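User: I am new to this structure and would like a guided look. Could we go through the model step by step?

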Amino acid sequence: MTTLLAIDWALLTEKLILIAIIIFASLGIALYMTYGERKVAGILQDRPGPNRAGPFGIFQPFADGLKLIMKEEIIPDTSNKALFILGPGLAMSAALMTCAVVPWGDHVELFGRNIALQIADINVGILYVFAVVSVGVYGIMIGGWASNNKFSLLAALRGASQAISYELAMGLSLIAVLMTTGTLQLGEIVKQQMAPGHLWNIAYQPLAFIIFLVCAFAECNRTPFDLPEAESELNQGYHQEYSSMKLGFYLFSEYINMFISSAIMVTLFFGGYDVPFLNESLLSPNIAALVGIIALMTKIVCFIFFFMWVRWTIPRFRYDQLMNLGWKKLVPLALANMLITGAVILLWFNK
Amino acid sequence: MSAIQIIFWFLSALAIVSALMVLISKNPVHSVLWLIMVFFAISGHYILLNAQFLAIVNLIVYAGAIMVLFLFVIMLMNLNNESEPQKNVWMRLAGAVSGGCLLMILVSLVRQAIEINNKVAEMKVGDIGLIGNLGKALFKDYLVPFEISSVLFLSAMVGAIVIGKKN
């Protein structure tokens, strides 16, 4: 039985610890994003925002979380109970699964081991993100349908059709980026951008970035595309019947989605953990990894702030405007960008 | 048993149980969800065979897009136990017999096929399933069939739009 499960146990433990750290970090960051959202809203609307729990209200997220957990849990009598519970779970796990392919840093050397700060640098990294994002739609759809409520169902259908429509433009905009990088591995894409004499991908593909950004807003159901939660038309949205921590999961998964999509955008277009004008190979690996993680987090926080800024600045789209923008503007634009990129690579660089 | 074998048996059992649940469940929405589980299990098999691209595309296209459309239709039609027409016993029996015949033919065909006799599936080796090699194979060796099938997809899309516009 000694040959039973010939697994590299050290590697397995290392990866499990990494997964635990990343998941808890994502949850913690999402927790403080709710606080950040309210503070940003406060600043933009010229009011203090949460300021009662602790200095500057920094314990507010914990108070909110406690409130959500302590509230009475109601499962509607006519709902489909199993699916009603499955919905928020799916939304949450799909949101967390994406972080597996994001390179959070280069590598650290601990206990004589070379630990890569990425859970899995798979060959089809960016496609994996797409697969998980497309599965994430089920959380909304199942939750909305299982509630057995017309408004929830309408909102769920809206959310799903919005997500499918914008996934298309998102994928097409990314093809142009992938043509310039020539690889789908996220780790490799970051390393290319770090190479001396090579700019960040935003310099080569600005149009693709803008399309990707708009689609990311739509995929995260953020204003101006938060049609599934349009309270003026749909009472509350697909999570109308949810209460307590099940509602909390839905709200929370939106913040995690925002965090991960910021991380993906930084990785694809803004050099990931690259620090501009600094040659990381001169530093010792651990210091370089630390600097890289700080750089990555700074860029992500900028994006998250942008998400919030837009939310409190721009009003919501109408549903037909949303569909027009997705299908009639972004898709042709992304296709044109793809064709031009292909032509330039073929004719100019003669690859 | 190696780790790969354990994963293989787990995925196989998962695929078969989920496929049975697709047929057994009374609620069409449950059927769709079980079918998604089948796709996940099959994608797992693709990964074991080192065909990562196929695995992910299977998830994106089938689990992510086609099944969402299925779910859309079922939710909008609001099918459930009460409104579903119940077929009579003879219809069910006929279905079981014809399905069983098809299964027998398929099993006997697979067992007799020369291509797979005495062959072992290659686990974790071979790199034809990786995206670079697959792309080269598609766009160099099989360019004409690939382009023809893409024209076929285009005509299907145009056809769907034309049919949808009529009403």
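**A working chat about the model**

Analyst: Let us begin with A:Ser134, which is found in helix α4 (residues 125-146) of chain A; helices (H or I, at least four residues) and strands (E, at least two) are DSSP runs, numbered from the N terminus. This is a predicted model, in which local features need pLDDT of at least 70 and side-chain atom pairs count only at pLDDT 80 or more, while totals for chains, interfaces and linings use all residues. Residues are numbered from 1 along each chain as its sequence is written, chains are lettered from A and ligands numbered from 1 in the order in which they are written, and side-chain values use heavy atoms, with hydrogens and water left out.

User: Is A:Ser134 buried or exposed?

Analyst: A:Ser134 counts as buried because its relative accessibility is 1%. Buried means under 20% relative accessible area, exposed over 50%, and partly exposed in between (1.4 Å probe, protein chains only).

User: What is A:Ser134 in contact with?

Analyst: Leaving aside neighbours within four places in sequence, A:Ser134 is in contact with A:Glu167, B:Ile60 and B:Gly64. Contact means heavy atoms within 4.5 Å.

User: How many residues of chain B are in contact with chain A?

Analyst: There are 25 residues of chain B in contact with 24 residues of chain A. The area buried between the two chains is about 2200 Å², and carbon and sulfur atoms give 80% of that area. Buried area is the accessible area (1.4 Å probe) that two parts lose on being put together, summed over both.

User: Which residue forms a salt bridge with A:Arg222?

Analyst: The partner is A:Glu37, with the closest N and O atoms 2.9 Å apart. This pair links distant parts of the chain, 185 residues apart: A:Arg222 is in the loop between α8 and α9 of chain A, and A:Glu37 is in helix α1 (residues 9-44) of chain A. A:Arg222 is buried because its relative accessibility is 1%, and A:Glu37 is buried too, at 3%. A:Glu37, A:Arg222, A:Glu254 and A:Arg311 are linked in a network of salt bridges.

User: And what about A:Lys246?

Analyst: A:Lys246 forms a salt bridge with A:Glu73, with the closest N and O atoms 2.1 Å apart. A:Lys246 is in helix α10 of chain A, while A:Glu73 is in the loop between α2 and α3 (81-97) of chain A, 173 residues apart. A:Lys246 counts as buried at 11% relative accessibility, but A:Glu73 is partly exposed at 44%.

User: Changing topic, where is A:Ser244, and what is its phi?

Analyst: A:Ser244 lies in helix α10 (residues 244-269) of chain A. A:Ser244 has a positive phi of about 55° although it is not a glycine. Most residues other than glycine have a negative phi.

Conventions: A salt bridge is a side-chain nitrogen of Lys or Arg within 4 Å of a carboxyl oxygen of Asp or Glu.
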